Amino acid sequence: MNTSEQKNGLRCFYGHGIPRVKLEDLAGKLIVVEGADGSGRSTQIARLVDWLETGGHPTVQVGLKRSTLVSKELESAQKGNILSRTTLSLFYATDFADQLENIILPALKAGFIVLADRYIYTLMARDMVRGMDDGWLKNLYGIAVKPDAVFYLSVQPQELVQRNLSKNATLDFWESGMDLGFSRDMFDSFVKYQTTMQGAFRKLQKTYGFTIIDGNRPVGSITKDLRKKIRMILAEK
Amino acid sequence: MKTFAELNFPGRLIAVEGLDGSGKSTQIYLLKRWLEAEGIKVYFSEWNSSELVKAATSKGKKRELLTPTTFSLIHATDFADRYERHLLPLLRAGYIVLCDRYVFTAFARDVVRGCPPEWVRGNYNFAALPDITLFFKTDLEVSLNRILEGRPKLKFFEAGMDLRLSTDPYESFRIFQGRILEQYVAMSDEFKFVVMDANQNVEKQQCIVRKLVSEKIELRKFRRRSPLPLPPAIQPNEVRTPEHDEDLAAA
């Protein structure tokens with residue numbers, strides 16, 4: 001995923017970026033872990049934080065729907081299922097932008113390692129599956145700073161179902177794509193939705209070139225894999 | 001970008017734009033009253049009024065949490081909600097939709113706040129253009145005086161205080177409004193604004209507005225159909241109200 005620019009230690013935004021940000025000041029590292037619910041994202045991030053902090057690296061975590069500005073309002077709007085797709089999309093973009101400007105960019109400036117539990121790619125994939133225009137999304141998320149690494153934990157939809165059910169004994173409305181009307185049956189809808197989402201991720205992978213990690217393996221060997229790759233990033237510069 | 005007429009919507013959208021204190025809200029209100037009296041299907045929508053997004057916006061404003069980027073996005077979210085849930089279905093149903101501010105408010109304000117113009121325009125490109133955009137153009141001093149006379153306490157974002165143009169809210173407001181006016185003027189030709197001289201008196205302006213609207217839009221096509229006949233009563237001994245009889249007579 002590293003462009004020649006980033007190998008030279010130069011940061012960039014994906015598009016128009018954020019006004020008045022000095023990219024050369026962003027000395028920290030931004031590491032993104034992407035994947036569906038049940039792909040092991042949170043487990044892996046917790047393990048990485050332990051490992052990094054033990055190794056003396058300061059870390060900060062961000063994720064979807066965690067902004068001070070709109071997380072609560074977004075949560076309650078989603079409960080009513082009255083959000084149309086453009087509204088949902090822009091609401092999430094607001095949530096992302098708030099964390100980008102108030103957490104990610106300041107932390108990078110302070111030399112922290114920022115671990116993002118999902119980033120713009122999940123947001124874009126969700127919107128693509130809902131028929132939003134690719135060019136529109138690219139422009140919207142042109143505010144995002146390009147991460148130092150993006151790991152996509154790929155897990156078979158059938159395995160995701162099992163993991164979600166064993167954890168919560170139910171499937172989430174949105175993670176099952178119930179708003180799309182694939183099926184009235186939540187189980188079928190979940191599998192279809194996650195399969196469609198993986199297709200969208202494959203499409204995004206071609207543009208954004210993230211590293212695909214086989215998430216069907218045991219937790220320990222995935223962690224080992226991630227550490228090895230992150231060690232290389234930390235060694236740069 | 002195309003207008004709703006060009007996209008073959010049965011409805012039409014009329015937007016008003018201009019500085020705070022330009023009198024645009026009064027004009028669109030009077031236009032609404034007239035259209036209603038003419039029996040036309042009309043709906044009014046105001047900038048920054050979506051129930052869904054309101055809580056977040058007001059929190060952001062009160063606690064000064066907003067950056068130019070999030071200010072822009074939260075208003076786009078508000079607009080999208082109104083656009084998708086109200087404007088589009090109503091325009092499909094043949095309504096005349098009146099908007100107090102439309103995307104041009106974002107194009108002007110967000111750009112003055114420093115957002116890249118192409119980014120802001122791109123974010124709003126899901127929206128079709130109004131069929132008529134009335135730009136109420138006042139001399140800067142006129143609109144400043146109208147606002148500053150009546151409402152001495154200026155809100156933080158309203159005064160553009162986030163731009164750190166001046167530590168004095170009044171001075172900040174003046175500079176901020178001046179820059180927005182420049183943006184509106186720059187957009188006038190591109191988006192075919194009908195430029196209204198908002199320095200003249202209210203009644204005169206309203207005459208011009210009504211004439212213009214009736215020339216550009218074939219209003220009789222937007223009349224409500226005569227009331228539908230009432231369904232037959234279910235209960236034979238139903239009590240008839242005078243209104244009921246009137247409705248029947250009207251049908």
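Start with chain A, where you'll find 9 helices and 5 strands (helices are DSSP runs of H or I with at least four residues, strands are E runs of at least two, numbered from the N terminus). Follow the chain from its N terminus and the order of elements reads α-β-α-β-α-α-β-α-α-β-α-α-β-α.

Before going further: this is a predicted model, in which local features need pLDDT of at least 70 and side-chain atom pairs count only at pLDDT 80 or more, while totals for chains, interfaces and linings use all residues. Residues are numbered from 1 along each chain as its sequence is written, and chains are lettered from A and ligands numbered from 1 in the order in which they are written.

Keep all of chain A selected. Along the principal axes, its C-alpha atoms fill a box of roughly 50 × 40 × 30 Å. Colour by burial and 41% of the 237 residues of chain A count as buried (20 or more other C-beta atoms within 10 Å of the residue's own; 12 or fewer is exposed, in between is partly exposed, with C-beta atoms placed from the backbone).

Now bring in chain B. Here 26 residues of chain B are in contact with 24 residues of chain A (C-beta atoms, placed from the backbone, within 7 Å). On the chain B side, helices H2 (51–62), H3 (68–92) and H5 (117–123) each give two or more residues. H3(B) gives the most, with 11 residues.

Next, select 103–112 and 169–187 of chain B, helices H4 and H7: their axes come within 9 Å and cross at roughly 130° (axes are lines fitted to C-alpha atoms, for helices over the stretch in contact, and angles run from 0 to 180 degrees between N-to-C directions). Show side chains for B:Phe104, B:Phe107, B:Ala108, B:Arg109, B:Val111 and B:Val112 on H4(B), and B:Phe176, B:Arg179, B:Ile180, B:Gln183, B:Tyr184 and B:Met187 on H7(B); these make the contact.

Last stop: B:Ala5, in the segment before strand E1 (12–18) of chain B. B:Ala5 counts as partly exposed, with 18 C-beta neighbours inside 10 Å. Leaving aside neighbours within four places in sequence, B:Ala5 is in contact with B:Arg12 and B:Asp131. B:Asp131 is 126 residues away from B:Ala5 in sequence, yet 6.6 Å away in space, C-alpha to C-alpha.

Methods. Two residues are in contact if their C-beta atoms, placed from the backbone, lie within 7 Å.
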